[in-house]
Amino acid sequence: MLKFYNLLNAKMTEPKAFGLFHLIVVLIILSFVILFTVLMLKSKNKNKWTYYILLVSWIILVIIELFKQLYGGINLDGKGGWYWKYEAPHLFPFVLCSMPLYFIPLYLFIPKQKFRTIILDFITVYCLYGGGFVLLVYPGDVFTTSTLLNYHTSIFHGIMLFLGLLFLFTGVTKFSGKTVLNAFIIFVILWAIAGLGNEILWQVKQAKKLTWIPNLLNISHRLPNSFAEVVASLTKGKVVITPKVLYLCYPLYTFLVSNIFFVIFGLIGYGINKGVVNSDKLYQKSLVKKASKRRELVNYNYVE
(Lines give C-alpha, C1' and ligand atoms only; values in the text may rest on other atoms or scores of the structure.)
Protein backbone atom coordinates (compact mmCIF):
# COMPACT_ATOMS: atom_id res chain seq x y z
CA MET A 1 0.00 0.00 0.00
CA LEU A 2 2.89 2.37 0.70
CA LYS A 3 4.22 1.80 -2.82
CA PHE A 4 0.75 2.37 -4.23
CA TYR A 5 0.38 5.54 -2.15
CA ASN A 6 3.73 6.81 -3.43
CA LEU A 7 2.63 6.01 -6.99
CA LEU A 8 -0.58 7.99 -6.55
CA ASN A 9 1.30 10.92 -5.03
CA ALA A 10 4.28 11.00 -7.43
CA LYS A 11 5.42 14.50 -8.35
CA MET A 12 6.69 16.07 -11.56
CA THR A 13 7.60 19.50 -12.84
CA GLU A 14 4.38 21.38 -13.47
CA PRO A 15 3.77 21.38 -17.25
CA LYS A 16 3.43 24.77 -18.86
CA ALA A 17 0.54 25.76 -21.09
CA PHE A 18 1.60 25.06 -24.70
CA GLY A 19 4.85 23.60 -23.41
CA LEU A 20 6.34 20.31 -24.61
CA PHE A 21 4.15 18.07 -22.42
CA HIS A 22 0.99 19.89 -23.45
CA LEU A 23 1.84 19.96 -27.17
CA ILE A 24 2.67 16.23 -27.19
CA VAL A 25 -0.73 15.49 -25.64
CA VAL A 26 -2.53 17.58 -28.27
CA LEU A 27 -0.49 16.00 -31.10
CA ILE A 28 -1.35 12.49 -29.91
CA ILE A 29 -5.05 13.35 -29.71
CA LEU A 30 -5.16 14.86 -33.19
CA SER A 31 -3.28 11.84 -34.56
CA PHE A 32 -5.93 9.52 -33.13
CA VAL A 33 -8.67 11.77 -34.53
CA ILE A 34 -7.18 11.59 -38.04
CA LEU A 35 -6.60 7.83 -37.85
CA PHE A 36 -10.07 6.91 -36.63
CA THR A 37 -11.75 9.45 -38.91
CA VAL A 38 -10.16 7.72 -41.91
CA LEU A 39 -11.11 4.26 -40.61
CA MET A 40 -14.72 5.24 -39.89
CA LEU A 41 -15.20 7.02 -43.21
CA LYS A 42 -14.07 3.86 -44.99
CA SER A 43 -16.35 1.67 -42.89
CA LYS A 44 -19.89 0.78 -43.92
CA ASN A 45 -21.05 0.41 -40.31
CA LYS A 46 -20.39 3.66 -38.45
CA ASN A 47 -22.86 2.77 -35.71
CA LYS A 48 -20.79 -0.25 -34.71
CA TRP A 49 -17.62 1.82 -34.68
CA THR A 50 -19.37 4.48 -32.60
CA TYR A 51 -20.56 1.94 -30.04
CA TYR A 52 -17.19 0.29 -29.49
CA ILE A 53 -15.24 3.55 -29.49
CA LEU A 54 -17.58 4.88 -26.79
CA LEU A 55 -17.32 1.63 -24.84
CA VAL A 56 -13.50 1.59 -24.82
CA SER A 57 -13.39 5.34 -24.08
CA TRP A 58 -15.77 4.93 -21.14
CA ILE A 59 -13.74 2.05 -19.66
CA ILE A 60 -10.57 4.16 -19.83
CA LEU A 61 -12.34 7.15 -18.27
CA VAL A 62 -13.69 5.03 -15.41
CA ILE A 63 -10.27 3.50 -14.68
CA ILE A 64 -8.39 6.81 -14.56
CA GLU A 65 -11.21 8.41 -12.54
CA LEU A 66 -10.95 5.56 -10.03
CA PHE A 67 -7.25 6.32 -9.58
CA LYS A 68 -8.08 9.98 -9.00
CA GLN A 69 -10.63 9.12 -6.33
CA LEU A 70 -8.13 6.83 -4.60
CA TYR A 71 -5.66 9.71 -4.72
CA GLY A 72 -8.23 11.87 -2.95
CA GLY A 73 -9.09 9.35 -0.22
CA ILE A 74 -6.04 7.27 0.74
CA ASN A 75 -3.96 8.75 3.56
CA LEU A 76 -1.00 7.59 5.66
CA ASP A 77 -1.21 7.58 9.45
CA GLY A 78 2.49 8.21 10.12
CA LYS A 79 3.01 4.67 11.49
CA GLY A 80 3.38 2.88 8.20
CA GLY A 81 -0.33 2.23 7.91
CA TRP A 82 -3.03 3.83 5.83
CA TYR A 83 -6.62 4.92 6.30
CA TRP A 84 -9.46 6.15 4.13
CA LYS A 85 -10.67 9.69 4.59
CA TYR A 86 -12.20 11.41 1.60
CA GLU A 87 -12.32 15.16 2.02
CA ALA A 88 -11.73 16.33 -1.52
CA PRO A 89 -14.89 18.04 -2.78
CA HIS A 90 -12.92 19.51 -5.70
CA LEU A 91 -12.16 15.96 -6.87
CA PHE A 92 -15.73 14.69 -6.58
CA PRO A 93 -16.64 13.28 -10.04
CA PHE A 94 -19.67 15.41 -10.80
CA VAL A 95 -18.15 18.50 -12.36
CA LEU A 96 -18.67 19.80 -15.88
CA CYS A 97 -15.99 17.71 -17.53
CA SER A 98 -16.94 14.47 -15.78
CA MET A 99 -20.31 14.27 -17.54
CA PRO A 100 -19.10 11.67 -20.13
CA LEU A 101 -18.85 9.21 -17.21
CA TYR A 102 -22.63 9.37 -16.90
CA PHE A 103 -23.87 10.04 -20.43
CA ILE A 104 -21.80 7.49 -22.36
CA PRO A 105 -23.45 4.57 -20.47
CA LEU A 106 -26.87 5.97 -21.43
CA TYR A 107 -25.87 5.53 -25.06
CA LEU A 108 -24.26 2.13 -24.50
CA PHE A 109 -27.01 0.47 -22.50
CA ILE A 110 -30.26 2.02 -23.78
CA PRO A 111 -30.74 0.64 -27.31
CA LYS A 112 -33.59 2.91 -28.46
CA GLN A 113 -32.20 4.67 -31.54
CA LYS A 114 -33.98 8.02 -31.12
CA PHE A 115 -32.77 8.27 -27.53
CA ARG A 116 -29.24 7.36 -28.60
CA THR A 117 -29.27 10.10 -31.22
CA ILE A 118 -30.16 12.74 -28.62
CA ILE A 119 -27.53 11.49 -26.16
CA LEU A 120 -24.87 11.31 -28.88
CA ASP A 121 -25.65 14.88 -29.93
CA PHE A 122 -25.10 16.01 -26.34
CA ILE A 123 -21.91 13.96 -25.95
CA THR A 124 -20.48 15.49 -29.12
CA VAL A 125 -21.32 19.10 -28.26
CA TYR A 126 -20.29 18.72 -24.62
CA CYS A 127 -17.04 16.88 -25.32
CA LEU A 128 -16.02 19.51 -27.86
CA TYR A 129 -16.53 22.15 -25.21
CA GLY A 130 -14.83 20.35 -22.32
CA GLY A 131 -11.94 18.90 -24.30
CA GLY A 132 -11.46 21.88 -26.60
CA PHE A 133 -11.65 24.54 -23.91
CA VAL A 134 -9.27 22.80 -21.52
CA LEU A 135 -6.68 21.59 -24.03
CA LEU A 136 -6.83 24.24 -26.75
CA VAL A 137 -8.01 27.47 -25.10
CA TYR A 138 -7.32 27.56 -21.37
CA PRO A 139 -4.93 24.71 -20.44
CA GLY A 140 -2.82 26.49 -17.84
CA ASP A 141 -5.32 26.05 -15.02
CA VAL A 142 -5.42 22.24 -15.09
CA PHE A 143 -1.75 21.30 -14.79
CA THR A 144 -0.19 20.78 -11.34
CA THR A 145 2.90 19.15 -9.84
CA SER A 146 0.94 15.90 -9.36
CA THR A 147 1.92 13.31 -11.98
CA LEU A 148 -1.39 11.47 -11.57
CA LEU A 149 -3.56 14.57 -11.98
CA ASN A 150 -1.57 15.77 -15.00
CA TYR A 151 -1.97 12.47 -16.81
CA HIS A 152 -5.58 12.19 -15.66
CA THR A 153 -6.55 15.58 -17.05
CA SER A 154 -4.62 14.96 -20.28
CA ILE A 155 -6.24 11.57 -20.91
CA PHE A 156 -9.71 12.59 -19.72
CA HIS A 157 -9.96 15.83 -21.68
CA GLY A 158 -8.04 14.25 -24.55
CA ILE A 159 -10.70 11.54 -24.90
CA MET A 160 -13.41 14.21 -24.76
CA LEU A 161 -11.80 16.21 -27.56
CA PHE A 162 -11.18 13.01 -29.53
CA LEU A 163 -14.84 11.93 -29.31
CA GLY A 164 -16.21 15.36 -30.15
CA LEU A 165 -14.01 15.85 -33.22
CA LEU A 166 -14.38 12.26 -34.42
CA PHE A 167 -18.17 12.22 -34.33
CA LEU A 168 -18.38 15.55 -36.16
CA PHE A 169 -15.76 14.76 -38.78
CA THR A 170 -17.28 11.37 -39.59
CA GLY A 171 -20.84 12.69 -39.76
CA VAL A 172 -22.05 10.47 -36.92
CA THR A 173 -23.35 13.65 -35.30
CA LYS A 174 -24.91 15.96 -37.85
CA PHE A 175 -23.95 19.61 -37.97
CA SER A 176 -27.49 20.93 -37.63
CA GLY A 177 -29.87 22.99 -35.53
CA LYS A 178 -31.52 19.80 -34.30
CA THR A 179 -28.25 18.78 -32.68
CA VAL A 180 -28.12 22.10 -30.82
CA LEU A 181 -31.75 21.65 -29.72
CA ASN A 182 -31.05 18.14 -28.45
CA ALA A 183 -28.04 19.43 -26.49
CA PHE A 184 -30.14 22.28 -25.07
CA ILE A 185 -32.80 19.87 -23.77
CA ILE A 186 -30.15 17.83 -21.96
CA PHE A 187 -28.54 21.02 -20.57
CA VAL A 188 -31.84 22.12 -19.02
CA ILE A 189 -32.47 18.71 -17.45
CA LEU A 190 -28.89 18.44 -16.19
CA TRP A 191 -28.88 21.89 -14.60
CA ALA A 192 -32.26 21.26 -12.93
CA ILE A 193 -31.01 17.98 -11.43
CA ALA A 194 -27.74 19.55 -10.24
CA GLY A 195 -29.50 22.60 -8.77
CA LEU A 196 -32.01 20.48 -6.86
CA GLY A 197 -29.30 18.02 -5.81
CA ASN A 198 -27.11 20.79 -4.40
CA GLU A 199 -29.93 22.12 -2.25
CA ILE A 200 -30.78 18.65 -0.95
CA LEU A 201 -27.11 18.01 -0.13
CA TRP A 202 -26.89 21.33 1.70
CA GLN A 203 -29.94 20.55 3.82
CA VAL A 204 -28.52 17.10 4.65
CA LYS A 205 -25.19 18.70 5.58
CA GLN A 206 -26.92 21.06 7.98
CA ALA A 207 -29.07 18.33 9.52
CA LYS A 208 -26.31 15.74 9.87
CA LYS A 209 -23.57 18.30 10.58
CA LEU A 210 -21.34 16.96 7.83
CA THR A 211 -17.90 18.49 7.34
CA TRP A 212 -18.26 18.84 3.58
CA ILE A 213 -20.52 18.13 0.63
CA PRO A 214 -19.78 18.09 -3.12
CA ASN A 215 -20.74 21.06 -5.28
CA LEU A 216 -22.53 19.43 -8.22
CA LEU A 217 -21.45 21.08 -11.49
CA ASN A 218 -20.06 23.90 -9.32
CA ILE A 219 -23.41 25.70 -9.40
CA SER A 220 -24.45 25.54 -5.74
CA HIS A 221 -25.64 28.92 -4.45
CA ARG A 222 -24.56 27.79 -0.98
CA LEU A 223 -20.91 27.05 -1.74
CA PRO A 224 -18.02 28.96 -3.36
CA ASN A 225 -17.94 28.64 -7.13
CA SER A 226 -14.71 28.26 -9.08
CA PHE A 227 -16.16 30.05 -12.13
CA ALA A 228 -17.04 33.12 -10.06
CA GLU A 229 -13.60 33.02 -8.47
CA VAL A 230 -11.88 32.90 -11.88
CA VAL A 231 -13.93 35.88 -13.10
CA ALA A 232 -13.10 37.85 -9.96
CA SER A 233 -9.41 36.97 -10.35
CA LEU A 234 -9.25 37.94 -14.04
CA THR A 235 -11.02 41.26 -13.40
CA LYS A 236 -9.03 41.94 -10.20
CA GLY A 237 -12.20 41.94 -8.14
CA LYS A 238 -14.04 44.47 -10.30
CA VAL A 239 -16.64 41.91 -11.43
CA VAL A 240 -18.35 39.96 -8.68
CA ILE A 241 -20.86 37.30 -9.67
CA THR A 242 -23.61 36.76 -7.11
CA PRO A 243 -25.33 33.37 -6.66
CA LYS A 244 -28.49 34.57 -8.45
CA VAL A 245 -26.56 35.86 -11.43
CA LEU A 246 -24.48 32.69 -11.41
CA TYR A 247 -27.57 30.48 -11.68
CA LEU A 248 -28.76 32.49 -14.67
CA CYS A 249 -25.45 33.10 -16.44
CA TYR A 250 -23.38 29.99 -15.77
CA PRO A 251 -25.60 27.48 -17.61
CA LEU A 252 -26.21 29.99 -20.40
CA TYR A 253 -22.49 30.68 -20.70
CA THR A 254 -21.66 26.97 -20.77
CA PHE A 255 -24.31 26.26 -23.37
CA LEU A 256 -23.28 29.16 -25.61
CA VAL A 257 -19.55 28.42 -25.43
CA SER A 258 -20.08 24.70 -26.04
CA ASN A 259 -22.08 25.50 -29.15
CA ILE A 260 -19.47 27.99 -30.34
CA PHE A 261 -17.02 25.09 -30.30
CA PHE A 262 -19.63 22.96 -32.06
CA VAL A 263 -20.04 25.55 -34.83
CA ILE A 264 -16.28 26.08 -35.31
CA PHE A 265 -15.42 22.41 -35.50
CA GLY A 266 -18.74 21.62 -37.15
CA LEU A 267 -17.83 23.75 -40.15
CA ILE A 268 -14.55 21.85 -40.43
CA GLY A 269 -16.39 18.55 -40.08
CA TYR A 270 -18.95 19.58 -42.66
CA GLY A 271 -16.15 20.44 -45.09
CA ILE A 272 -14.43 17.10 -44.48
CA ASN A 273 -17.66 15.17 -45.00
CA LYS A 274 -18.51 17.17 -48.09
CA GLY A 275 -15.06 16.55 -49.52
CA VAL A 276 -15.20 12.82 -48.79
CA VAL A 277 -18.69 12.47 -50.26
CA ASN A 278 -17.76 14.43 -53.40
CA SER A 279 -14.52 12.50 -53.87
CA ASP A 280 -16.43 9.25 -53.43
CA LYS A 281 -18.98 10.35 -56.03
CA LEU A 282 -16.19 11.27 -58.45
CA TYR A 283 -14.54 7.92 -57.79
CA GLN A 284 -17.80 6.07 -58.47
CA LYS A 285 -18.32 8.07 -61.67
CA SER A 286 -14.80 7.22 -62.84
CA LEU A 287 -15.52 3.53 -62.19
CA VAL A 288 -18.74 3.76 -64.20
CA LYS A 289 -16.92 5.47 -67.08
CA LYS A 290 -14.16 2.85 -67.06
CA ALA A 291 -16.74 0.04 -67.01
CA SER A 292 -18.64 1.70 -69.86
CA LYS A 293 -15.46 2.04 -71.96
CA ARG A 294 -14.61 -1.61 -71.32
CA ARG A 295 -18.08 -2.67 -72.48
CA GLU A 296 -17.76 -0.51 -75.60
CA LEU A 297 -14.36 -2.01 -76.35
CA VAL A 298 -15.69 -5.55 -75.88
CA ASN A 299 -18.69 -4.85 -78.11
CA TYR A 300 -16.44 -3.28 -80.78
CA ASN A 301 -14.07 -6.26 -80.79
CA TYR A 302 -17.06 -8.63 -80.93
CA VAL A 303 -18.48 -6.82 -83.96
CA GLU A 304 -15.08 -6.86 -85.68
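The buried residues of helix 4 pack against helix 3, helix 5, helix 6 and helix 7 (177-208). Here buried means under 20% relative accessible area with a 1.4 Å probe and protein chains only, and helices are DSSP runs (H or I, at least four residues) numbered from the N terminus. This is a predicted model, in which local features need pLDDT of at least 70, while totals for linings use all residues. Residues are numbered from 1 along each chain as its sequence is written.

**Helix 4**
- Helix 4 covers residues 100-109, and seven of its 10 residues are buried.
- Those buried residues are P100, L101, F103, I104, P105, Y107 and L108.

**Largest pocket**
- A pocket is an open set of points on a 1 Å grid where a 1.4 Å probe fits, with protein on both sides within 12 Å along at least five of seven lines; lining residues have an atom within 4 Å of a point.
- The lining of the largest pocket divides into 22 nonpolar, 10 polar and four charged residues.

**Second largest pocket**
- The second largest pocket holds about 400 Å³ of space.
- It is lined by 17 residues, with I28, F32, G158, I159 and F162 closest to its centre.
- Helix 2 (20-42), helix 3 and helix 6 each give at least two residues to this lining.

How values were computed: This is a predicted model: local features need pLDDT of at least 70, side-chain atom pairs count only at pLDDT 80 or more; totals for chains, interfaces and linings use all residues. Side-chain values use heavy atoms; hydrogens and water are left out. Ala, Val, Leu, Ile, Met, Phe, Trp, Tyr, Cys and Pro count as nonpolar, Asp, Glu, Lys and Arg as charged, and the others, Gly among them, as polar. Grid points are joined across faces, edges and corners, and a volume is the space filled by probe spheres set on the points. Buried means under 20% relative accessible area, exposed over 50%, partly exposed in between (1.4 Å probe, protein chains only). Contact means heavy atoms within 4.5 Å.
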